[in-house]
Amino acid sequence: MTSWDISPFEPDGLRVAPLRPPVLPEPKRHGEDPANCDVCHARDEGIWFNERWRLARVTGVGVPLVLMLYSRDHYDMAELSDEMAAELGVLTTHIVRHVQALPHISRAHVYRIGDGAAHLHIWFFARPEGQAQLYGSWMPVWDDLLPEYPADVADADAGAVADALVTSYGGRRSATDEQMHV
């Protein structure tokens, strides 16, 4: 993969770490017990909300915008009802549309990994227009390597996405505001 022109690493001198033996049982993920889940405790923090979901901006990143969609109650993906799973698909599509509508963004990358925390969280990474080196699966690695993107620009972009989501999907900008429907 380092031979790809989008790799952030030069292949010369780069070594693969040895594969460690399996550890069983696997260590628990953060928040396996909802009483100790930081995501549950932050259920009213973010830039957009409805009864079941919240969207937050991840700060201190190197790409223009990273958003995280969380279920407000403690679920992992396999535990979603069919109704919530369908809503997740539609909501994800709306978020992608709004991120990609930002004038300096070409693509919204969507990731669900799930090994670090038991509470469902979906990542949205905004790839800046013209930055072909940030294509594909290397985007989160580049994000860690780039200098921090200006917070004021990211805040404005996150606000634009949240406002557009309220208009296109419903919800509200605050956890405590009365529900808004379009």
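Tutor: A helix here is a DSSP run of H or I with at least four residues, numbered from the N terminus. Keep in mind that this is a predicted model. Just past helix 4, G170 has a positive phi of about 110°.

Student: What makes residues 151–168 count as helix 4, and how does the reach compare with what is expected?

Tutor: Helix 4 has 18 residues, and a helix needs at least four. From its first C-alpha to its last, helix 4 reaches 25 Å, close to the 26 Å expected at 1.5 Å a residue.

Student: Which residues of helix 4 are buried?

Tutor: Among them are A154, D157, A158 and G159, along with V161, A162, L165 and V166. They are called buried because that word means under 20% relative accessible area. The buried residues of helix 4 pack against strand 1 (48–49), strand 2 (53–57), strand 3 (65–71) and helix 2 (82–100).

Student: Why is L145 called partly exposed?

Tutor: Its relative accessible area is 46%. Buried means under 20% and exposed over 50%, so with 46% L145 falls in between and is partly exposed. L145 lies in helix 3 (residues 139–145).

Key: Residues are numbered from 1 along each chain as its sequence is written. This is a predicted model: local features need pLDDT of at least 70, side-chain atom pairs count only at pLDDT 80 or more; totals for chains, interfaces and linings use all residues. Side-chain values use heavy atoms; hydrogens and water are left out. Helices (H or I, at least four residues) and strands (E, at least two) are DSSP runs, numbered from the N terminus. Buried means under 20% relative accessible area, exposed over 50%, partly exposed in between (1.4 Å probe, protein chains only). The expected span of a helix is 1.5 Å times one less than its number of residues. Contact means heavy atoms within 4.5 Å.
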